[in-house]
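Subject: Handing over the structure

Hello,

Here is the structure I promised to pass on to you.

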Amino acid sequence: MDTLKSVLVPINKEGHRFIAIFAAITFALFLFTWPFLGWVGVILTLWCVYFFRDPDRHVPTADGLIVSPADGVVQMIERAVPPEELGMGSDARLRISIFLNVFNVHVNRVPIGGTIVRQVYRPGKFLNAALDKASEENERHAVHLRDNDGNDIVFVQIAGLVARRIVCYLTDDQEVRTGERFGLIRFGSRTDIYLPEGVEPLVGVGQSMIGGETIIADLKGKNEAPMALEVR
């Protein structure tokens with residue numbers, strides 16, 4: 001049963017339409033006796049299913065832990081001002097940038113429990129998400145979250161060179177839990193997270209992230225009790 005579960009990974013609802021389109025085109029290619037193109041369609045359909053996979057994650061539940069909002073690789077850690085549309089002032093914060101390639105899970109997860117203060121979508125360019133200026137110029141959806149201790153955390157979905165659609169389910173004043181699914185970015189992208197002042201990251205550049213699982217910062221400095229895990 002565990003082996004079966006590892007193979008039959010749930011598919012995010014945002015992918016159903018795309019999978020159906022890919023499958024329909026593939027069927028049409030075989031129907032019109034173009035077998036080579038049909039098999040290419042099969043491969044692309046399977047890739048589409050793989051792209052929209054939405055596996056459960058073992059989310060740490062210890063108080064004060066910030067987890068990665070996305071799968072991918074830490075590309076940059078530097079100080080930067082949060083997106084201006086959130087109205088959080090001009091003070092720079094430590095920003096961790098996570099790059100997602102087309103083979104990563106693209107479902108985004110809430111980095112820490114709390115309340116959504118504000119979330120703003122801003123249209124923009126579709127530059128390579130690996131570029132530093134992508135944080136400023138690309139299409140994005142920025143979120144300001146305040147945790148239960150009053151700490152302000154910012155996380156941003158950023159479209160990339162291939163990505164053309166940001167999906168975010170969050171609303172202002174919404175209560176959220178650590179590791180909760182909140183959206184996704186279709187086909188290659190980047191996710192930034194801005195830590196509160198004085199908080200040091202527990203990850204480094206080049207490190208692989210697992211959204212909802214990898215701990216990137218500890219607001220408490222240390223855990224006084226063993227870290228519990230919850231599957232979500």
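The protein chain exposes about 11,500 Å², and carbon and sulfur atoms supply 59% of that area. Accessible areas here come from the Shrake-Rupley method with a 1.4 Å probe, and for residues only the protein chains shown count as cover. Please keep in mind that this is a predicted model, in which local features need pLDDT of at least 70 and side-chain atom pairs count only at pLDDT 80 or more, while totals for chains, interfaces and linings use all residues. Residues are numbered from 1 along each chain as its sequence is written, and side-chain values use heavy atoms, with hydrogens and water left out.

Of the 232 residues in the protein chain, 47% count as buried. Buried means under 20% relative accessible area, exposed means over 50%, and partly exposed lies in between (1.4 Å probe, protein chains only). The chain has four helices and 15 strands; these are DSSP runs numbered from the N terminus, with helices being H or I of at least four residues and strands being E of at least two. Among contacts with a separation of 6 or more, 74% link residues 24 or more positions apart, where contact means heavy atoms within 4.5 Å.

Helices α2 (16–31) and α3 (35–51) each supply at least two residues of the patch, and the largest share, four residues, comes from α3. F27 is found in α2 and is exposed, with a relative accessible area of 57%.

Next, have a look at strand β8 (residues 152–159). Eight of its eight residues are buried, so β8 is largely enclosed by the rest of the structure. D152, V154, V156 and I158 cover one side, with I153, F155, Q157 and A159 on the other. Strand β7 (residues 140–147) runs antiparallel to β8 and is joined to it by seven bridges; two strands pair if DSSP finds at least two bridges between them. V143 has F155 as its bridge partner in β8. The two strands form a hairpin with four residues between them, and G150 in the turn has a positive phi of about 90°. Six bridges also join β8 to strand β12 (residues 189–194), again antiparallel, with V156 opposite D192 in β12.

S97 counts as buried, at 0% relative accessibility. Leaving aside neighbours within four places in sequence, S97 is in contact with V73, V74, Q75, M76, R190, T191 and D192.

Finally, there is an open sheet of three strands in the order β5-β11-β9, with antiparallel pairing. β5 (107–109) and β9 (166–168) stand at the edges with a single partner strand each, so one side of each is left without a neighbour in the sheet. Three bridges pair β9 with strand β11 (residues 181–185), and V167 stands opposite L184 in β11.
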